[in-house]
Amino acid sequence: MSIIGIDIGGTNFRIGAVEGTKVVRFNKVPTLSVIRTEDVLGDIAAFIREFTEGLSFEAVAIGFPATLDRERKKVLQAPNLKFMEDLPVVERLEKELGVPVVAERDVTMALCFDSRKYGLPEEGMICGIYFGTGIGNAISIDGKPWKGHNGTAGELGHIPVDGSDEPCGCGNIGCMESLGGGKYLAKLQKEQYPKTPIGEMFLKHAEEESLKQFIDRMAIAVATEVNILDPDAVLIGGGILNMPGFPKELLNERIYLRLRKPYPAESLKILYTEDEADKSVIGGAIYASQKLKNGGY
């Protein structure tokens, strides 16, 4: 029997029926083609019913690029999904669909997928850092996501940067993701390299100081988390890392430069991940399967 994995992004809505780790049905559509009315959760439930016609499924897992409450029942803050905030996501969808619904941050689901793909053990601490539009971060301790007191742990993109007054989608100014995430890269392209398509930024300009400074900010984010937590492994990925010509060697060099010596620098295990379209869909199914098996975290 399948588990339905869903990754709701500000641009795209991905949904898949997953058996084990195999996707048996998949679709990717614009998010706003799913959510068309003020009844956001009714629209999502209707789309799931349409997608799953003829399928048997035992649970639904939904990932959000957002902070959630500690109980993982509703979205607290979603700069790119304002229409999802403060809605009774789990309660309403369970009532609509008649199966357990698991809600989580999309980066946690991505980390579940990557940990399985790269054969990492559940024991110990694993950090996933994903550089896309912002900086996504998930932390797993002995196979369970670290939620924090309010459920908002792992917001690495929102560590403050001294001297910056760049506005951030969270409402603060000077957050790291406003300087080391995709929105800043797009701003840099528009202001300094208007003739270069953003997808070719690293192919054509990786040796220039503005791009090196951007890489260094990424490295500072990674090193900050590693120096504090001393994890067993760090998985680094996201759309920026998978852009053509991205200088992973330079990022490695800058991360090592910022790490405390001799440890954790000398023993840090870094794995770079690919940017599969169905990553969070499969990861969501893995996560939901674990929760069902364990009776919830």
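Predicted model: local features only at pLDDT ≥ 70, side-chain atom pairs only at ≥ 80, totals over all residues.
## The open sheet

Let's start with the strands. Five of them make up an open sheet with mixed pairing, and their order is β10-β9-β8-β11-β12. At the edges are β10 (144-145) and β12 (270-272), each of which pairs on one side only. Strand β11, covering residues 233-237, runs parallel to β12, and three bridges join the two.

## A glycine between β8 and β9

The loop between β8 and β9 holds Gly132. Gly132 has a relative accessibility of 23%, so it counts as partly exposed; the cut-off for buried is under 20%.

Gly132 also brings together parts of the chain that are apart in sequence. From Gly132 to Gly238 the separation is 106 residues in sequence, yet the C-alpha to C-alpha distance is 5.2 Å. Once neighbours within four places in sequence are left aside, the contacts of Gly132 are Gly181, Gly182, Gly239 and Ile240.

In soluble globular proteins, nonpolar side chains tend to be buried together. Here the largest nonpolar core has 37 residues, and the members that touch the most others are Phe131, Phe202, Met218, Ile240 and Leu251. Two or more residues each come from β8, β9, α6 (182-192), α7 (201-205), α8, β11 and α9 (248-258). Helix α8 supplies the largest share of this core, with nine residues.

Not counting residues up to four places away in sequence, Met218 touches Phe131, Gly180, Ile240, Leu241, Phe246 and Leu251. Apart from this core lies another one of 33 residues, which include Ile6, Val40, Leu68 and Val90.

## Aromatic pairs

A pair of aromatic rings is described by the distance of the centres and the angle of the planes. The model has three aromatic pairs. In one of them, the ring centres of Phe13 and Phe47 are 5.2 Å apart and the planes meet at 75 degrees, so this pair is edge-to-face. Phe13 sits in strand β2 (residues 12-19) and Phe47 in helix α2 (residues 40-51), so the pair ties together parts 34 residues apart in sequence. Both Phe13 and Phe47 are buried.

Tyr184 and Phe214 make a stacked pair, with 6.3 Å from centre to centre and 10 degrees between the planes. Tyr184 is in helix α6 and Phe214 in helix α8, and this pair links parts of the chain 30 residues apart. Tyr184 counts as buried because its relative accessibility is 14%, while Phe214 is buried with a relative accessible area of 0%.

## Charges over rings

The charged end of Arg217 sits over the Tyr184 ring, 5.0 Å from its centre. Elsewhere, Lys261 lies over the face of Tyr256, at 4.9 Å from the ring centre.

Methods:
Residues numbered from 1 in each chain as written. Heavy atoms only, no water. Pairing = 2+ DSSP bridges. Helix = DSSP H or I, 4+ residues; strand = E, 2+ residues; numbered from the N terminus. Buried < 20%, exposed > 50% of the residue type's maximum accessible area, 1.4 Å probe, protein only. Contact = heavy atoms within 4.5 Å. Core = buried A, V, L, I, M, F, W, Y, C linked by side-chain atoms within 4.5 Å. Phe/Tyr/Trp six-rings, centres within 6.5 Å; stacked < 30°, edge-to-face > 60°. Lys NZ or Arg CZ within 6 Å of the ring centre and 35° of its normal.
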